[in-house]
Amino acid sequence: MQGRFPRKFLDDLPILPKLLLIPAIPFVSLMLFSMMTYLDVQNFIQGEERLTHLYLLQKTAAQYVRTIADLETAFLGYVISEDDRYRERFQEGRKSVMTMDQQLEIQLPAQHARFEDIRALVTKSYVEKEALLQTMQQGNRADAVRYVREGRSREVMREVRKWMEWFDQEQHDLQQQELSRLSYDRTWTRFLILGGGLVTLTLVILALALIAHSIATPLTALSKVVGSTASQTIPSIPVFDRKDEIGELTTVMKKMSLQIRKDLAEVQQSEATLKKLNVHLSASEAKYRGLVDHAPLGIFMTKGIRVTFSNRYNQQLAGLDPESAVDPEAFRQRMHPEDRDRVVTMFAEAVAAGRPCEIIFRLLQEDGSIRTVLSQRVPIMEFDSPDVVYVGFNIDITTLDNLQLQLRRAEKLATLGQVAAGIAHELRNPLVGIGSTAKVLLDDFESGDPKRNEIEVILSETRRLDRIVSQIVDYARPRRPAPTGIDLNRLADEVAKMLRLRLEEKHLTIKVTISPMISEFIADRDLLRQVLLNIVDNAIDATPKGGPPIEIIGHELFREERPGLVIQVKDAGVGIPPELLPSVFQPFVTSGKKHGTGLGLAICQNIIESHEGNIFVTSEVGKGTIVGIWLPLEQKTALERV
């Protein structure tokens with residue numbers, strides 16, 4: 001009964017008084033050792049202050065000696081060179097010596113009689129030097145020179161250095177004494193800290209043992225009860241006969257366990273209902289997500305003008321990887337530079353007004369081709385955001401745009417074909433007559449006759465007119481391709497040989513880089529050679545004399561899962577102005593060429609489109625032009641076309 005009483009009293013005592021009562025002994029011990037440590041630290045700090053004072057005193061003395069040496073140097077320099085700068089240095093140094101002299105007088109103890117002797121000696125030396133400097137200013141330099149030669153100036157420095165050596169030794173001894181005292185104080189402080197900490201830790205452990213016995217024991221028993229209960233079952237909490245917080249806790253937990261059992265039954269019933277709802281919700285979400293991701297048009301959302309969502313097809317339109325996570329804003333960076341500012345401005349105005357917006361713009365692909373997109377954007381309401389939210393739909397109208405373009409070109413070609421036929425009929429017969437007559441007349445004149453040159457001009461212009469008529473007919477009535485096997489490397493060499501004189505005239509070369517994957521393909525050899533001849537000839541015209549090589553590059557490129565190749569002709573010429581670039585494939589459009597009719601690229605476009613390919617141009621003024629051609633690797637035969 002007597003052994004149970006103190007334990008019962010400790011169990012019934014509330015936890016806060018219990019924690020405050022038991023640690024009293026370690027607290028008193030900690031306070032006692034803290035006071036002893038504080039006093040020892042104060043002694044340590046005072047020792048460091050004394051060391052600092054010795055260091056500053058020694059530093060001032062060393063600077064004092066250096067200043068005296070600088071004064072001696074300035075005096076000697078003035079005596080030797082009579083340069084006023086040395087005199088000014090002497091006067092400034094004298095002031096510094098007087099200042100440090102006063103500092104040393106304050107810092108040095110009164111018993112330093114040797115310093116008083118040095119002060120008197122230095123003062124006497126400076127008085128003599130001042131007098132000598134004044135006599136030099138009056139024109140008498142002999143006394144100062146004699147003073148220097150007799151070495152009287154060096155005597156002062158020897159005495160100062162002797163005093164400095166004695167002073168350094170004395171300060172060194174004092175520093176050693178202070179360091180020994182600091183070492184003792186440091187050792188005693190460590191002993192107090194470690195010993196006091198060990199004693200305090202022991203008392204704390206004893207106090208915590210009493211707390212653990214009173215608090216942890218019932219908690220351990222409670223934990224065993226809870227841990228031994230199955231995971232799916234609410235445990236039955238025992239109530240301990242205690243008047244502290246643990247006893248009250250077990251009483252409350254007992255009531256809570258009963259209430260939880262009741263609530264758990266209700267939750268299990270609700271959970272079964274929620275699972276059914278989640279199954280339906282997941283199926284609906286997957287269905288609508290699949291519709292958005294695989295819809296045959298680009299779907300996106302914006303908050304303000306900032307793109308926040310873009311589906312797979314929208315990334316495909318921009319030439320981005322639909323399988324990888326891409327910043328939705330990257331779509332805007334793929335817009336054609338000529339359209340980007342216009343699209344952003346129009347959409348920003350629509351967002352500001354909160355109205356729908358419909359825009360047509362172009363997208364640049366990695367291979368240089370262009371897609372035309374119709375974008376329709378409709379505002380929707382979002383109550384938790386101040387920004388207007390838009391849902392947009394991007395539709396690829398490239399095919400429709402191309403069909404319209406082809407229809408317009410077909411109409412032009414039909415009209416031009418009729419005109420070309422009339423031109424060929426009306427002009428070629430007179431041209432033949434003019435040429436024949438000019439040849440007859442040419443034989444009637446001697447080689448030195450001036451009129452012979454005029455007739456040769458008539459013949460030359462007649463042939464030029466005949467070539468123009470032939471180009472117009474070729475553009476209006478293009479020849480149907482006759483596909484055969486082509487070695488692209490050999491074709492590029494043929495083009496280089498045919499233009500050899502033009503290249504040599506401008507000191508240019510052609511660099512050919514063809515991928516071995518597309519070294520052979522199917523196309524009309526003569527027509528394709530005509531295209532390369534025209535494009536490379538234009539590049540020679542644009543490149544300055546002696547400029548970089550003209551590059552012909554070929555590599556494989558799939559387009560819409562159809563195998564094909566890209567041929568690029570790059571030059572470092574003058575480039576094409578931006579305002580002229582969209583119309584370079586129109587007939588009779590030239591970019592500053594000295595010769596030509598402006599039908600070359602238009603004929604090239606007809607030839608490439610007859611091969612089911614396309615041709616495009618990118619250029620920057622002052623940097624050069626790239627003409628790209630995409631062709632399928634295989635062509636339909638004439639029978640297949642029919």
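The entries below go from the overall picture to single residues.

**Entry 1: ground rules.** I am working with a predicted model, where local features need pLDDT of at least 70, side-chain atom pairs count only at pLDDT 80 or more, and totals for chains, interfaces and linings use all residues. Residues are numbered from 1 along each chain as its sequence is written, and side-chain values use heavy atoms, with hydrogens and water left out.

**Entry 2: overall.** I counted elements first. The protein has 18 helices and 12 strands. Helices (H or I, at least four residues) and strands (E, at least two) are DSSP runs, numbered from the N terminus. Next I looked up burial. Of the 642 residues, 34% count as buried. Buried means under 20% relative accessible area, exposed means over 50%, and partly exposed is in between (1.4 Å probe, protein chains only). Then I checked contacts, meaning heavy atoms within 4.5 Å. Among contacts with a separation of 6 or more, 66% come from residues 24 or more positions apart.

**Entry 3: salt bridges.** How many salt bridges does a search of the whole structure find? I get 11. A salt bridge here is a side-chain nitrogen of Lys or Arg within 4 Å of a carboxyl oxygen of Asp or Glu.

I took Glu494 and Arg525 to begin with. Their side chains meet in a salt bridge at 2.3 Å, N to O. The pair links distant parts of the chain, with Glu494 in helix α14 (residues 488-498) and Arg525 in helix α16 (residues 525-542), 31 residues apart. Glu494 is partly exposed at 21% relative accessible area. Arg525 is partly exposed too, at 23%.

I moved along helix α16 to Asp537. Its side chain forms a salt bridge with that of Arg502 at 3.0 Å, N to O. Asp537 lies in helix α16 and Arg502 in helix α15 (residues 500-505), so this bridge ties together parts 35 residues apart in sequence. Asp537 is buried, at 15% relative accessible area. Arg502 is partly exposed, at 21%.

Then I looked at a pair in loops. Glu612 and Arg562 meet in a salt bridge at 2.7 Å, N to O. Glu612 lies in the loop between α17 (600-610) and β11 (614-620), and Arg562 in the loop between β9 (550-556) and β10 (564-571), so the pair ties together parts 50 residues apart in sequence. Glu612 is partly exposed at 27%. Arg562 is partly exposed at 32%.

I also noted a network. Salt bridges link Glu338, Asp339, Arg342 and Arg362.

**Entry 4: Asp571.** Asp571 is in strand β10. The side chain of Asp571 does reach the backbone nitrogen of Gly573, at 2.9 Å. Leaving out residues up to four places away in sequence, Asp571 touches Ala539, Ala542, Thr543, Lys623, Gly624 and Thr625.

**Entry 5: rings.** I searched the whole structure for aromatic pairs and found 1. Phe347 and Tyr390 are edge-to-face, 5.2 Å centre to centre, with 80 degrees between the planes. The partners sit in distant parts of the chain: Phe347 in helix α11 (residues 337-353) and Tyr390 in strand β5 (residues 389-396), 43 residues apart. Rings of Phe, Tyr and Trp (its six-membered ring) pair if their centres lie within 6.5 Å; planes under 30 degrees apart count as stacked, over 60 as edge-to-face and the rest as tilted. Phe347 is buried at 2% relative accessibility. Tyr390 is buried at 1%.

Phe347 has a charged neighbour. The charged end of Arg377 sits over the Phe347 ring, 4.6 Å from its centre. That call needs NZ of Lys or CZ of Arg within 6 Å of the ring centre and within 35 degrees of the ring normal.

**Entry 6: Arg332.** I finished on another arginine. Arg332 lies in helix α10 (residues 330-333). Is Arg332 buried or exposed? Arg332 counts as buried, at 15% relative accessibility. Not counting residues up to four places away in sequence, Arg332 touches Ile305, Val307, Arg340 and Val344. Arg332 and Leu363 are 31 residues apart in sequence and 8.9 Å apart in space, C-alpha to C-alpha.

Methods. A polar contact is a pair of N or O atoms within 3.5 Å; within protein, one must be able to donate a hydrogen and the other to accept it, and residues adjacent in sequence count only if both atoms are side-chain atoms.
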